[in-house]
Amino acid sequence: RMEASCLELALEGERLCKAGDCRAGVSFFEAAVQVGTEDLKTLSAIYSQLGNAYFYLHEYAKALEYHHHDLTLARTIGDLLGEAKASGNLGNTLKVLGNFEEAIVCCQRHLDISRELNDKVGEARALYNLGNVYHSKGKNVASAGTHDPGELPDDVKNALQKAANYYEENLTIVTELGDRAAQGRAFGNLGNTHYLLGNFRSAVLAHEQRLLIAKEFGDRSAERRAYSNLGNAYIFLGEFETASEYYKRTLQLARQLKDRAVEAQACYSLGNTYTLLQDYEKAIDYHLKHLVIAQELNDKIGEGRACWSLGNAYTALGNHDQAMHFAERHLEISREVGDRSGELTARLNLSDLQMVLGLSYSTNNSMMSESHVVDNNLNGTRPRVGRRHSMENMELMKLTPEKVQNWN
Amino acid sequence: SQPLAGCQAAELQSKVVPSKQILHSDNMEMEPETMETKSVTDYFSKLHMGSLVYSCTSKRKNK
C-alpha cells in the first residue's frame, strides 16, 4: 500500500518537473519521501530529482543536501552508475556554491566511473562539467582583480586553460557520438573560455560554430547568446563595426523573445560600441533606451551605469548641461546603492563639469575665475593627479557576481 | 571664445574616449549546466529482472 503511494507521489513529482513546475514537483517528491519506501533505488531516484529541482529553483543548499543523500544511497547499494550521476550533480552544485576544489573531486569521480563503465555519454558529460568548474574557478579568481580579458595571473590562466582542454576533450567525444546539442554547449563555453584567455580569434571561431548549431535547432535563445558573445569578442579585436552588427542581432532577438533585461543589456553594449566608434549621438540613443528599461526593471545598478555613460557621451558632444544632469543622477544613484567608487567618479566628473561650465560662463579669463567654481557642494578633496584616474575608477564599478545575477 | 574654457572643455572631451576595459560590461553568456537524471521508472526496468519488490508491481498492474 505504502509502496504504491510513494511511487505514485514520486511519479507525479516527475510529471510536474518535466512540465516545468519544479515547485509543485518538489512538494510531491517530499511527500513521497515522507511516505517512504523500502526500495533504495527508488529513494535514490527521488533524492536525485529533488536535488535537481532545488538546483533549478536556485536553492543550492537544499540541492546539495539531496544530491549528497543520493550519493550516500548509491554507494550503499553499490550502484556504480547511480554513484557517477550523483557525483556529477553534487559537483555542479558545489561549483555554483563556489566550492571549486570539492566540485573538481566530485566531477572527476563522475568521469572516472564513466570511463570504468565504458560509458561514453557519461564520460562526455563529466568532461563538460569539469570544464565548467574550471571555467568558474578561473573567472572567480579573475573577478577579484580588474584586467582586460587576456591579462591574467598564472593561476587564473591555468584554470582557464584546463577548462579549454576539458571542453576540447568533450567535443571530441560528442562529435563522435553525433550529439549536436552537446557540441553547441561545448562550443559556447569554449568560446567564452578563449575570450577570457584573450584568444579572441579562437573565441570567434567557437561562437560561430555555436551559432550554426543554434540555428540548426531553431534555438533562438542560444542564437542570441552566440551573437552577444561574438559582439564581445569583436570589441576586443578592435572591430567595433562588426561588434555593433552582432549586438544589433542580439537586440533584435531579445525583442522577439520579449526579454527586457537582455534587451537592456544589448542596448548598453550598443551604446558602448558606438562610443568606441565615437558616434556619440547613436551612443546616447542606445544608452537612453537602456536607461528606460533599467528604470522599468528597477535596476539601480544599471540605471547608474546608464547615467554615467550618458554623462560621458554628452560631455564628448560638448553638451555640458545634459552631462551635468546625468552626472548628478549618477552621484545620487551611487549614494543610494552604496557604490563608493561610483560616487567618487561622479564627484570628479561633476567638479570637472563645474569647472568647464564655470569657466564658460565666466567673463574673467584669468585663472582666478577658477575660484568661483570651487566645489561648493563637493567636500571630496581632489588629488591633483586624480583627474587622470577618474575613468580608471570606473573599473571598480564592474558588477559583482550577485549583481550580475539580478541583472540577468 | 575663451581659450581657457575651450581648452578645459577639449581636455574633458578627450578624456571621454573610454577604455574598452571600462566599457565592457563583462556579461559573458554561458551555456546551461547539464544535470544527470534518474527516474523512479528505472525501477520498473529492474522489476523485469526479478526485483524483490514484486508485491508492489502486482498492485500497480491491477490499477
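Tutor: Contact, the term we need to begin with, means heavy atoms within 4.5 Å. This is a predicted model, in which local features need pLDDT of at least 70, side-chain atom pairs count only at pLDDT 80 or more, and totals for chains, interfaces and linings use all residues. Residues are numbered from 1 along each chain as its sequence is written, chains are lettered from A and ligands numbered from 1 in the order in which they are written, and side-chain values use heavy atoms, with hydrogens and water left out.

Student: Which residues does A:Thr250 touch, not counting residues up to four places away in sequence?

Tutor: A:Thr250 touches A:Arg224, A:Tyr227, A:Ser228 and A:Ala266, and its place is in helix α12 (residues 240-256) of chain A.

Student: Is A:Thr250 buried or exposed?

Tutor: Buried means under 20% relative accessible area, exposed over 50%, and partly exposed in between (1.4 Å probe, protein chains only); A:Thr250 counts as buried because its relative accessibility is 3%.

Student: How many helices and strands are there in chain B?

Tutor: Helices (H or I, at least four residues) and strands (E, at least two) are DSSP runs, numbered from the N terminus, and chain B has four helices and zero strands.

Student: What pLDDT does chain B average?

Tutor: pLDDT is the predictor's confidence in each residue, from 0 to 100, and chain B averages 61, with 25% of the residues scoring at least 70. Over residues 50-63 of chain B pLDDT stays under 50, and the model has 17 contacts beyond four places in sequence for them.
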